[in-house]
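Dear colleague,

I am handing over the structure below, and my notes on what was found in it follow directly after. Please read them with the coordinates open.

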Amino acid sequence: MSGTRRSFALAAAVLALALSLPASAIDLGARKDGAPIVLDVTESLLLDFHTKLDDPALAVAPENVFDLRNRLNLRLRAGWLSAGMRLDAAWFPDPPSGQYRNDLRVEELYFTARKGGFTLTAGDDYVALGRGMALALRKVDEVGFDVTLRGAHAGFRSSKFAARVDAGITNVVNVDGVEEKRVPDPHDLVVSGRVEYSPTPKLRFALHGVDIERRHSPLSKTLVQPFDVLARDDLEPTPISGERFIRSWIVGGSFEALSLAERVSLYAEFDYLTTRSSREALSGTVDSVRHGYALYGSATVFAGPVTLLAEAKHYDQFELASTPHPQTAQSLGITTTFPYNAPPTLERAGQRIANNTDVSGAHIRLDYRLRKSEGGNRQNVFVSAAGFLDAPEQGHTTVHGYAGWDYKHARGHRVQLQAGTRLEQAPSGSDVGLRMVHLDADAFVLLGARHDLQFHWSHEFHDKNPKASITRDRYVEGTAYVTWDFTPHWAFTAQLDYLTSDDRSGSPVFPGAWVMYRFDQSSFIRVFGGRSKGGLKCSGGICRIFPDFEGVKLEATVRF
Amino acid sequence: MSGRTLIAVALAAWALGCGSTEPQRRGDDGGASSASPGADTEAGSGRKVSASATFAVTDIDGRRFALADHLGRDVVLLSFWATFCEPCKTEMPYLQRMHERLAGQGLAVLSVSLDGPETWAEVAPYIKSNDYTFPVAIDQDSTIAVAWNPRAAAPFTVLIGRDGRIARTIEGFQLSEAARLEAEVERLLAQDK
């Protein structure tokens, strides 16, 4: 066993033993002024045993691959001061390739002072401006992204004014929770500011600006290099594709009216993007400037049992993301990039979207609340329709309609059903396109004082390229599970994923089972055995490909 | 000792340690009024909310909710949810019932949406179409989640007693636990500050 492996094993053991201390061990008394000093701990342990590892980068799928990942969140609070840290560890006893690397690092670190309307933070913080169109550095658990801005953050909020200024470098979770590979930090330099004015509590006007400088520029390198010791990633002087310098500016503003006359809410935002880049070519340095903009608006009307939501968007060359790390992109083939904004998609949650940067669209949703029954049962129905131009790509059109029913029994039972269809059409004469039908069902059934059932089924029928004889692919894809909660401690889940696409090899069914034990209501351990389906997953327009899983995994979370 | 042995020992210790966070299990009757000794311990020695964890937000109707206004006076229930979280939506009728029944006795409910900016527009329509009347705020810059729910789990509930101490944190929602939560709230409301 190498020294590195031994040190990781030792670190894991020390960590686990430390966390096995009783909760009273973290009561830290009080300051002289009487303010309590407390330590919050959230500890997450993930163990995977892949009987067969799904990694397209490897010619032969490795078997019997084990890995351990650990996330420890600590937060110390004393009066108006707080400090927090996230310590990440990853251990691969027998790494299948150089992309899987042992790691132990302070992933997030922050010190915050909050007094009156002022907040000052040094270290890592999330930043989102407006509806996330200009900047959205945040956690998107559904796709395994977690981006913070490591630097200085200052904010002020009063009843009429609010302001926020942030400056720092982008920091991502380096041990990727989806592919388990080690991804380097982008270390892009971001400076942003936003001011808000609320003449009344229901009205808000805002202006904001963002400056993002990619790592390749001399300024970025000069400023970032001293801080690099935290992340241990070397700056590579050789730019990818000769691209030496990329800098983006966004300026924008928004208007929001909340529940006017208890009837109407409005929101509108406009952002203008300028991206300047320099590329080293044989003929010398080539400079270029691109412009883009984004316009979004929504109106919500509340009228008794009827709620109407209407949204529209028009995005033109509005793309904002990190660039691949020059060093690892070339030597290890890791080209993961991270989105820095998340404009509204107007799509249903989880919808696969190929383009949310150059697209126009509108969405309308009507909800109707049926009369409450004498027994207290409630029902809602809704219908939703959306249409897009230049989606999924330029010249294409997309329409999507779906409807649903939600029933809530007075005793707590609930049933929710949704069904819809989507049509993606190419310009006339082209064979590409998609017809999709989806069904979703959820049920929650209370069986007794200590027993309840949860059931979920999502099913999609896809017909890709329906007019093409060779590339046509008709398939079904879905996930179903049923969970029996035996409270307060146990939960048992049986699940079945399926995917019959021609693009996939191997069995089209993915059976698996979970067993969960809750130590208390916020701490648990659960074990999965079987197979689960990967593939393209999206959340809010942010998509990535997940690997299939086959084997056994353990997840545990403890909070103190 | 080999690395694998170390890991095995660590896991065993970890699991045993987890058990220690709840000194005794709940009684078989599941009665919430006789909440588990573990819960009593949590409530009795629960950590006092520090000033750094307080926040003030504007809800979806333009009303201001400041946690500091309620600490030490009311029982506060923070409920984290998202529009794409079905268990969260199943929990909401219970929140509404508690809000209707117990707000007058000193219960302050705040529902905190963890939705990303791309789905913020759907938060208010969902709440209004279901006729929920408790305050709902969108955690736009993750300030509340960072302070109270760093894993951004949903559903996730924090219950704070009149004494300003955290009485309970709950990840997930099970229908068969809902009545227990309601009874726990009533028990905290009956306690002195």
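In chain B, T90(B), Y94(B), M98(B) and L102(B) of helix 4 meet L175(B), A178(B), E182(B), V185(B) and L189(B) of helix 7, where contact requires that the C-beta atoms of two residues, placed from the backbone, lie within 7 Å, and where helices (H or I, at least four residues) and strands (E, at least two) are DSSP runs numbered from the N terminus. By class, this contact of helix 4 with helix 7 of chain B has seven nonpolar, one polar and one charged residues, with Ala, Val, Leu, Ile, Met, Phe, Trp, Tyr, Cys and Pro counted as nonpolar, Asp, Glu, Lys and Arg as charged, and the others, Gly among them, as polar.

This is a predicted model, in which local features need pLDDT of at least 70 and side-chain atom pairs count only at pLDDT 80 or more, while totals for chains, interfaces and linings use all residues. Residues are numbered from 1 along each chain as its sequence is written, and chains are lettered from A and ligands numbered from 1 in the order in which they are written.

The axes of helix 4 and helix 7 of chain B are 11 Å apart and the two pack at an angle of about 25°, axes being lines fitted to C-alpha atoms, for helices over the stretch in contact, and angles running from 0 to 180 degrees between N-to-C directions. Helix 4 and helix 7 of chain B are therefore roughly parallel to each other, a description used for angles under 35 degrees.

Within chain B, strand 3 (residues 75-81) runs antiparallel to strand 6 (residues 156-160) and is joined to it by five bridges, with L77(B) standing opposite L159(B) in strand 6.

Finally, Q96(B) lies in helix 4 (residues 86-102) of chain B and touches Y132(B), T133(B) and F134(B), not counting residues up to four places away in sequence.

Best regards

Key: Pairing = 2+ DSSP bridges. Parallel < 35°, antiparallel > 145°, perpendicular 65-115°, else oblique.
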